[in-house]
Amino acid sequence: MIKRTAAFILIIIATGLFNLRAQEVLRGLQSARDIADHYSQKSFLKSKGLNDTLELPFFDDFSFSNIYPHDSLWADDYVYINNTYAFEQLSMGVATFDALDNRGLLYDHASTLLFEADHLTSRPLNLEGSAADNFYLSFFYQPQGLIDAPSRDDSLSLQFWSVNDETWYSVWKAEGTEVHPFRPVIIHVDDDRFTSKGFRFRFINYATLAESQSDIAMSGNADFWHIDYVYLNRNRNQADTILHDVAFTSPLRSVLNNYEAMPWNQFREWYVSIMGPPVSMSYANNDNIVRNISRSFKINDLVEGTEVHAFPPLARNIDPGSREVYNAPLSYVFNSPGEDSAVFEIKASLITDVFDNKQNDTISYMQVFKNYFAVDDGSSELGYGINGGGSNNAMAVYRYRSFSPDTLRAIQICFNDSYQNANQRLFDLVILSSDNQVPGDIIYEQEEALVDPGSEINGFTTYYLDDPVFVDGEFFAGWRQRSETWLNAGFDINTPHNGRQYYYLGGVWRESSKNGSLMIRPVVGKALVSTGIGLPDTGHNLIIWPNPASDILNIKAENTSLYNTQTEIYDLNGRIIYRKEFNEQVDVAGFAPGIYYLLLKDKGLVVARDKFIKNR
């Protein structure tokens, strides 16, 4: 998924974390950036006919939804449709229930006490009939998946709406537990209260949040449930839980060795050693009989708008209930006339029986070539940091390889949103040499960058280097902490780091024990526009005086729209010491002598910044 950011929280340990020794820590997200982006762009105008009563059958495997459930079937949009959170999906697309709302934010009423979280409510359905019609509703569900298990008190429930009573009735509930494979549930809808026109059903998850007593940056989302294959129809029976469907079960991935994206100029020179695995297709026969299928793929150059390669259909039988991975040979080497970038679409297809559900038989992947290296897929599922006593000066880095001599210009890092911006601390950018694939000497460091969730795609912030760094071969890029605060960097659980991610504690480099990849992207090539102090250009200028200041600091914004923002001031350790609505004068008389950062924020995003000195 494309999650800006993205994207959820594990249960927070209730004991004081500062009493623990320093260690790598993963936590769930405060917000899901891709949901927030789609929410801000979506139209809330209802299409004609959406309030009409639907006729049976009702079926959704969530394979044709994008972020939100399809509004032709569902009356609300709180669950998140994705392909990155569930374990061994039955098909592409699951509906995930958690503690984030349809804006991608923690629910306003989220609490350490049990609360109602996500709802998934069907549109009105016509269930006029009698018990002889044998109405049955079935679905498959899974707790936890690849993220956080719901606690024992949490639950996923199913409710039916009675038109006559105007009341919701609970008909099924699963209590919180650890992950298990998707399990079928089938429920006979035979009560007269429900067999009428206007019937509805809904799923609700009940969640609890545990808060950190020592670091509020580590508070966030938890308690995950996933459902798939929701099917309601007449003339069914209690045993009708077989899915007569062959479906793709996982997204396509990069066909490059070790990278999801890389610089176009380096690929064109070294494509022989960079082209990696074949096109890998994962699919399953969810039926109880042998099925014959054909597999194929094609590649389109999206810049040129042309099909550049095709792999013809290849047939085989697949046993009932089995899962397969087919590695289709790839003889094509990407080629496009663009000098600086190229984008190719790889589209894979299954040809299945005529009665098969076709929505989940086609998947695609965008192979991107620009000016950066990426090992992540752009989706942040968790937050990563080094926390606890002794983590001051800890480092986290990732190993990259420049195939040609090149110039490192910037480092992009995805930082997740944290509660009350608690992770917005200063850190140092570091570039290290590689000593037999282990971090070697620091060859470049840039002090006093500020954690910023960013406004760029997927929540990445571009930290421009004051001085370009020559790279040739392997190098490491990452950060050094200036405090014991957990920085909450984006962490992609779907791209294993394969021994390329390291962290530094107590004078020793250790290979990361976390399964996934830090979302760090080195930018190379032509010169970029530098903006100073390791932060992106906001496009707005500030004038602050006197600088140094002793009592009153005056602020003048070039753009008057900034006068509707919030002013925040941080010390060199990244601690926030001032936060108020914008005012042209700030009383700094009580500040300790030193260097401070002044930020203007609009809806949580940094829109202007500057630095000043406080005199004695």
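This briefing describes selected strands, loops and side-chain contacts of one protein model.

The model is predicted, so to speak of local features a pLDDT of at least 70 is needed, side-chain atom pairs count only at pLDDT 80 or more, and totals for chains, interfaces and linings use all residues. Residues are numbered from 1 along each chain as its sequence is written, and side-chain values use heavy atoms, with hydrogens and water left out. Helices (H or I, at least four residues) and strands (E, at least two) are DSSP runs, numbered from the N terminus. Two strands pair if DSSP finds at least two bridges between them.

**Strand 12 and its partners**

- Strand 2 (residues 58-60) runs antiparallel to strand 12 and is joined to it by 3 bridges. Within this pair, Phe58 is placed opposite Leu232 of strand 12.
- Strand 4 (residues 94-97) also pairs with strand 12 in the antiparallel sense, over 3 bridges. Here Thr96 faces His226 of strand 12.
- Strand 7 (residues 136-143) is antiparallel to strand 12, and 7 bridges join the two. Tyr136 stands opposite Asn233 in strand 12.
- In general, strands of a sheet pair through backbone hydrogen bonds, either parallel or antiparallel.

- An open sheet is formed by 3 strands in the order 31-32-35, with antiparallel pairing. Strand 31 (542-545) and strand 35 (585-587) are at the edges and have a single partner strand each, so one side of each lacks a neighbour in the sheet.
- From one strand to the next, the twist averages 20 degrees; axes are lines fitted to C-alpha atoms, for helices over the stretch in contact, and angles run from 0 to 180 degrees between N-to-C directions.
- Strand 32 (residues 552-557) and strand 35 run antiparallel and are joined by 3 bridges. In this pair, Asn554 is opposite Gln585 of strand 35.

**Backbone geometry in loops**

- Most residues other than glycine have a negative phi, and most peptide bonds are trans.
- The peptide bond from Leu56 to Pro57 is cis, with omega near 5 degrees. Pro57 belongs to the loop between helix 1 (33-41) and strand 2.
- A cis peptide bond also leads from Asn547 to Pro548, with omega near 15 degrees. The loop between strand 31 and strand 32 holds Pro548.
- Glu88 is not a glycine, yet its phi is positive, at about 50 degrees. Glu88 is in the loop between strand 3 (80-82) and strand 4, and is partly exposed, with a relative accessible area of 43%.
- Asn258 has a positive phi near 75 degrees and lies in the loop between strand 13 (246-248) and strand 14 (261-263).

**Surroundings of Asp376**

- Asp376 is located in the loop between strand 20 (362-370) and strand 21 (382-387). Asp376 is buried, its relative accessible area being 1%.
- The side chains of Asp376 and Arg521 are joined by a polar contact of 2.7 Å. A polar contact is a pair of N or O atoms within 3.5 Å; within protein, one must be able to donate a hydrogen and the other to accept it, and residues adjacent in sequence count only if both atoms are side-chain atoms.
- A polar atom of the Asp376 side chain lies 2.8 Å from the backbone nitrogen of Gly378.
- Apart from neighbours within four places in sequence, Asp376 is in contact (heavy atoms within 4.5 Å) with residues including Glu260, Phe460, Asp492 and Arg521.

Note on methods: Buried < 20%, exposed > 50% of the residue type's maximum accessible area, 1.4 Å probe, protein only.
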